[in-house]
Amino acid sequence: EIDDIAQRQGGRFIFRKLWVWLGLALAFWSFINVLLQVRETWFEYYFYDCVDGSGQSYFNLASQYAQDGSCYGGPLNTKQCGFEDGDCLIFNLLYPLCKGDELVDVENEVGNGECNRLFAIPGCEYDGGDCC
């Protein structure tokens with residue numbers, strides 16, 4: 001009986017210890033992410049491969065367009081740039097081959113009822129059907 005009580009209490013101690021470690025890990029992770037955002041280095045930290053041909057970061061472009069809920073496209077619509085940090089995921093499901101550095105403001109241009117010659121290519125489904 002005494003052994004059973006000791007095992008149950010030991011199990012509770014280990015369980016509590018596990019929760020403490022998980023809480024500390026979450027607090028550390030949160031602290032690092034807040035620190036990266038305050039220092040404005042979160043983009044370079046998470047998207048270190050998001051650079052142009054000369055090796056310059058797309059941070060300035062991303063600070064304007066990433067995480068605004070609209071797919072701007074262009075050079076940010078790549079795996080290295082996190083598909084504009086998630087903004088282009090739905091657009092990429094609709095038009096998976098409509099990509100290119102010169103293709104910007106894609107969400108507002110493709111399939112808007114007007115034929116835009118820049119998007120009149122098979123990958124963009126001929127401007128979402130506007131150029132048929």
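Let's start with Cys124. This cysteine is buried, with a relative accessible area of 0%. Keep in mind that we are looking at a predicted model.

Who is the partner of Cys124? A disulfide joins Cys124 to Cys98. The S to S distance there is 1.9 Å. Cys98 counts as buried too, at 2% relative accessibility. Now the geometry. The torsion about the S-S bond of Cys98 and Cys124 is about 80°, so this disulfide is right-handed.

Where do the two ends sit? Cys98 lies in the loop between H5 and helix H6, which spans 106-109. Cys124 lies in the loop between H6 and helix H7, at 125-128. So this pair ties together parts that are 26 residues apart in sequence.

How many disulfides are there in total? The count comes to three. One down. Let's take the next.

Look at Cys71 and Cys88. A disulfide joins them, S to S 2.1 Å. The angle about the S-S bond is 90°, and the link of Cys71 and Cys88 is right-handed. What does this link tie together? Cys71 is in the loop between helix H3 (59-65) and helix H4 (82-85). Cys88 is in the loop between H4 and helix H5 (89-94). The pair therefore connects parts that are 17 residues apart in sequence.

Are these two cysteines buried or exposed? Cys71 is buried, at 0% relative accessibility. Cys88 is buried as well, with a relative accessible area of 0%.

On to Cys115 and Cys131. They form a disulfide, with their sulfur atoms 1.9 Å apart. The link of Cys115 and Cys131 is right-handed, with 110° about the S-S bond. Cys115 lies in the loop between H6 and H7, and Cys131 in the segment after H7. So the pair ties together parts that are 16 residues apart in sequence.

And how accessible are these ends? Cys115 has 36% relative accessibility, so this residue counts as partly exposed. Cys131 has 18%. The cut-off for buried is under 20%, so Cys131 counts as buried.

Quick recap, by position. Cys71 to Cys88 links the H3-H4 loop with the H4-H5 loop. Cys98 to Cys124 links the H5-H6 loop with the H6-H7 loop. Cys115 to Cys131 links the H6-H7 loop with the segment after H7. That's the tour.

Note on methods:
Residues are numbered from 1 along each chain as its sequence is written. This is a predicted model: local features need pLDDT of at least 70, side-chain atom pairs count only at pLDDT 80 or more; totals for chains, interfaces and linings use all residues. Side-chain values use heavy atoms; hydrogens and water are left out. A disulfide is a pair of cysteine sulfur atoms within 2.5 Å. Helices (H or I, at least four residues) and strands (E, at least two) are DSSP runs, numbered from the N terminus. Buried means under 20% relative accessible area, exposed over 50%, partly exposed in between (1.4 Å probe, protein chains only).
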